[in-house]
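Me: I'm new to this one. Pick a single part and its surroundings, and take me through it closely.

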Amino acid sequence: MDLTALNLAEVRDVVRRKAASAEEVVLAHLERIKREDQNTRAYLTLSPERALEQAARVDRAVARGEPLGPLAGVPVAVKDVILTRGVRTTCASRILEHYIPPYNATAVERLEAAGACILGKTNCDEFAMGSSTENSGFFATRNPHGLDRVPGGSSGGSAAAVAANLATVALGSDTGGSIRQPAALCGVAGLMGTYGRVSRFGLVAFASSLDHIGPFGRSVRDLAAVLQTIAGRDSNDSTSAEVPVPDYESELEGSVKGLRVGVPREYFAGLSAEIGDPIQRGIDLLQSIGCTIVPVTLPHTDYAIATYYIIATAEASSNLARYDGVRYGLRASEYGDLRDMYERTRDAGFGAEVKRRIMLGTYALSSGYYEAYYLKAQRVRSLLTRDFSQAFQSVDVIVTPTSPVPAFKIGERTDDPLQMYLADIYTVTASLSGIPGISVPCGKTGGDATIGLPPLPVGMQLLGRHFDEARLLRAAYAFERAGGFDGG
Amino acid sequence: MDLTEKEVRYVADLAHLKLSDEEVRRFMPQLDSILAYVAKLNELDLEGVEPMAQVLAEGPAGFALRPDASRPMFTPEVALADAPDPGPGLFKVPRVIERD
């Protein structure tokens, strides 16, 4: 039995039945990482002692017949913008290259309390700023479906780790699509819950009003199980919501007959056939299992990217002011006065994309430009949110492509930041509106065996009402089962 | 191109970023093209539309507030463990006040 190929529910079952110990499950993953991660390069830091200690704890509980946590023995990878006490957390930035956090993110606390074993920390775009993981301050991660391709981003390491069986599930973060887009490009499932559903405590801040923590998995059920564990009120995050957490796994089995699925025409105008055809087949499949397909309109979609890149960079410029070489992180080796120390530290520690975004955000907030950029973007954010509330009056979920393109070649888009930003067109709207979104595998596209070009995964995005993750997961689960698209 | 080199250097200064001449030359057209793109928001009539700062957390009245009470946090040793230049119970920085 290949323990690395099991999904979460299978690992849970195997450990419970004593078909394998948690230690064996963890060791199988560590061995596979040693063998395979030199190709994928998903991990920045491994935490084998921590994972094995946790596995030993689980195995002792199994031996004594004690009750097991819902994720007992499940190997997890954690994006390196999420704090792990005692395990280096870099945000893929040189400025935090040697940072050892003194506390855990709430999501990490809850995973470990449920018995999960954290294998290590995954690569990403520096401070989660990017759509390809090429902006990592250390190295690029490669897509397991084609090693010359990007895994997407910013949570590219987490998506690639799950796709390559280097972890059973993973945590990522999503600010404008950073879970959903890499999930699509790597052929796995990824979920961003409602803003406030999952505590952000211990998630290194990029854009506070947009940041979310969420799971990756090779099946929709795995997402439900991880969300169950990490969701819910946390007094350490004043923006986490006091809204009851339903039993997501038991909600999966419900019927989708009569579910009204909205198709927003703005998301399909100009869409290429390589993505449009698989998504259309996905929509047909939803219809064939009893969903009602309803055309809807989200009229301000065309303004979403501009709105997002003003708000996200403005918040980032404020959040990243804390990296000044005083309390933690890098300090420049040579400097004159205090001001010079700040500037040299930030110049040496931040990569080009982070500097670009800090510049853009500082500009948008600066005197004389605040009303023209930031305030205007906040007004358009209201309109984008209103678009969704109007659409959700006539439909239950909305279906769209996750990304306008499949995984592109490493280095192909790095010269033009604006083109890279435009690739987030289908994901930033949900982030701005705070609604939940999920990306599920929806077949593959292209490929030509004669020239060794592999077919590449396509992701379908489902969006739902605020705190309606259960319905979203149910629709995704029914789709996955009907299409047999699970498992990449 | 609307953005000037002077503006780029001014914004870098506001952001405490020391950019090299090469970085200024590279960023200027990139920032300019992004600003030209985001100017499309000017097409919209936003009269009377409320600005939205964030999605408000849902819950019972006052749920987001915790009691204003002290609770155990890090010891000074833990708080200083990651400091680039720690002193006894403090973070050391270059002198900011000159003595006579």
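Reply: Two strands count as paired if DSSP finds at least two bridges between them, and strands themselves (E, at least two residues) are DSSP runs, like helices (H or I, at least four), numbered from the N terminus. This is a predicted model, where local features need pLDDT of at least 70, side-chain atom pairs count only at pLDDT 80 or more, and totals for chains, interfaces and linings use all residues. Residues count from 1 along each chain as its sequence is written, while chains are lettered from A and ligands numbered from 1 in the order written.

Let's settle on strand E5 of chain A, residues 189-192.

E5(A) has antiparallel partners. Strand E6(A), residues 212-217, is joined to E5(A) by two bridges, and there Gly190(A) sits opposite Phe216(A). With strand E10(A), residues 437-445, E5(A) makes three bridges, also antiparallel; here Leu191(A) faces Ile438(A).

Now a step along chain A, to a pair of helices. H7(A), residues 220-230, and H16(A), residues 469-483, have axes that come within 9 Å and cross at roughly 160° (axes are lines fitted to C-alpha atoms over the stretch in contact, with angles from 0 to 180 degrees between N-to-C directions). H7(A) and H16(A) are therefore roughly antiparallel (over 145 degrees; under 35 is roughly parallel, 65 to 115 roughly perpendicular, the rest oblique).

Terms used
A residue is buried if 20 or more other C-beta atoms lie within 10 Å of its own, exposed if 12 or fewer, and partly exposed in between; C-beta atoms are placed from the backbone.
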